[in-house]
Amino acid sequence: MRKQLLITIALFTTAATSLAESPVDGQWDFHMSSQMGTVDAVVTMLTQDGTLTGEFDLGNGRKWAIEEGTIEGNQIKFNINRDGAAMTYVMAATVEGNQVSGTALAWGSTVPWSMSR
């Protein structure tokens, strides 16, 4: 009986751990300033098995999907296509608690960006 109880507890713990959210999951407040202007958005992210998905909500019905997103440790990478235009932001960042800081590469320029909760 005791052996069965220990096995049940071990299985439950393993299942609970695999269902735990990543520290990246959830909503973030995004900010970036560049020569193209300022971008502020509410970003929703979800991670699963090394893949990062989500979207940027810029308000007024404007949304940009996170594409080709990955997460490895506290490093995230993804692409954003700006309003369906030929402009693609290549984004990379480090997540530290409730802060994210990174760079965006587009059209040969690199600019810093950040997110917080």
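In the predicted model, Ser22 is in contact with Thr47 and Ile71 when its neighbours within four places in sequence are left aside. Ser22 is located in the loop between α1 (2-19) and β1 (26-34). With a relative accessibility of 18%, Ser22 counts as buried, because the term buried applies to values under 20%.

A search of the whole structure identifies 1 salt bridge. The partners in a salt bridge are Lys63 and Glu55, whose closest N and O atoms are 3.6 Å apart. This pair meets the criterion because a side-chain nitrogen of Lys lies within 4 Å of a carboxyl oxygen of Glu. Lys63 has a relative accessibility of 47% and counts as partly exposed. Glu55, at 30% relative accessibility, also counts as partly exposed. Each of these two assignments follows from the cut-offs, since partly exposed residues fall between the limit of 20% for buried and that of 50% for exposed.

With regard to the overall fold, the protein chain contains 1 helix and 8 strands. Along the sequence, these elements follow the pattern α-β-β-β-β-β-β-β-β. The helix α1 spans residues 2-19, and the strand β1 spans residues 26-34. Of the contacts between residues at least 6 apart in sequence, 27% join residues at least 24 apart.

The protein chain comprises 117 residues, of which 30% are buried. Its accessible surface amounts to about 7500 Å², and carbon and sulfur atoms account for 55% of this area.

Definitions and conventions:
Residues numbered from 1 in each chain as written. Predicted model: local features only at pLDDT ≥ 70, side-chain atom pairs only at ≥ 80, totals over all residues. Heavy atoms only, no water. Helix = DSSP H or I, 4+ residues; strand = E, 2+ residues; numbered from the N terminus. Buried < 20%, exposed > 50% of the residue type's maximum accessible area, 1.4 Å probe, protein only. Contact = heavy atoms within 4.5 Å. Areas by Shrake-Rupley, 256 points an atom, 1.4 Å probe, with all protein chains shown as cover.
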